[in-house]
Amino acid sequence: GEDVEQSLFLSVREGDSSVINCTYTDSSSTYLYWYKQEPGAGLQLLTYIFSNMDMKQDQRLTVLLNKKDKHLSLRIADTQTGDSAIYFCAEIGLTGGGNKLTFGTGTQLKVEL
Amino acid sequence: DSGVTQTPKHLITATGQRVTLRCSPRSGDLSVYWYQQSLDQGLQFLIQYYNGEERAKGNILERFSAQQFPDLHSELNLSSLELGDSALYFCASSVQGGNGYTFGSGTRLTVV
């Protein structure tokens, strides 16, 4: 089965690091993703990681993947007020003759001054 | 601008009516996906088309249907609308799934 879970809220102070966690159940997922959604906007792909990797770094973003525990995390260094948004993790899976992204519930990140 | 265009941005309609949402994928992308985002259900996958053919189906109601045309744009048709159909409807496109999907800015549907 497939089920992606995230904590609902995270509050951090500007300049601190944010860590958003995600657990998934579909061990066959080849890629895992992080998307950002700002108020009134669509989903923006932030980064993704291939399932045979443990870590991926992209500027202020670090993705950690623990396949054994089916745990994915996104670390945002030096968090800014512009990082306030909802962050979704997602896994890709095959279905029928195609594919689909299954999204987590989303974590609302609030950055305080 | 993500390159995926959705129209209209907002739609208000009455229960029992039918609406059509339109999506133009990013240039070069053959796959189009439709998602529904609501407060109680989160982001739900509805359907995928690839180069004009239906490839995958998710939690799409029988009152909903979609198609992808030869120019690769897609339409999502919602009929016999109910209050519970009020949601954000997103279209996404991809070349192939592994690199992730590019999402449009969505159509906000309000059924009154």
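Student: How many residues does the contact take from chain B and from chain A?

Tutor: The contact takes 19 residues from chain B and 19 residues from chain A.

Student: What area do chain B and chain A bury between them?

Tutor: The size of an interface is often given as the accessible area lost when the parts come together. In this predicted model, chain B and chain A bury about 1500 Å² between them, and 53% of that area lies on carbon and sulfur atoms. On the side of chain B that touches chain A, the elements giving two or more residues are strands S4 (31-38), S5 (42-50), S6 (53-57) and S9 (87-94) of chain B. By class, that side of chain B has nine nonpolar, eight polar and two charged residues.

Student: How many salt bridges are counted between chain B and chain A, and how many residue pairs are in polar contact across the interface?

Tutor: The count of salt bridges between chain B and chain A is zero, whereas ten residue pairs are found in polar contact across the interface, with both residues at pLDDT 80 or more.

Student: Which residues touch the most other members of the largest nonpolar core?

Tutor: That core has 21 residues, and those touching the most other members are Leu21(B), Trp34(B), Leu76(B), Leu78(B), Tyr89(B) and Leu109(B). At least two core residues come from each of several strands of chain B, including S3 (19-24), S7 (64-68), S8 (74-78) and S11 (107-111). Leaving aside neighbours within four places in sequence, Leu78(B) is in contact with residues including Val19(B), Leu21(B), Phe64(B), Tyr89(B) and Leu109(B). A second, separate core of 19 residues includes Val4(A), Leu32(A), Ile76(A) and Val111(A).

Methods
Residues numbered from 1 in each chain as written. Chains lettered and ligands numbered in written order. Predicted model: local features only at pLDDT ≥ 70, side-chain atom pairs only at ≥ 80, totals over all residues. Heavy atoms only, no water. Contact = heavy atoms within 4.5 Å. Buried area = accessible area lost by both parts, 1.4 Å probe. Salt bridge = Lys/Arg side-chain N within 4 Å of Asp/Glu carboxyl O. Polar contact = N/O pair within 3.5 Å; in protein donor to acceptor, adjacent residues only side chain to side chain. Helix = DSSP H or I, 4+ residues; strand = E, 2+ residues; numbered from the N terminus. Nonpolar A, V, L, I, M, F, W, Y, C, P; charged D, E, K, R; others polar. Core = buried A, V, L, I, M, F, W, Y, C linked by side-chain atoms within 4.5 Å. Buried < 20%, exposed > 50% of the residue type's maximum accessible area, 1.4 Å probe, protein only.
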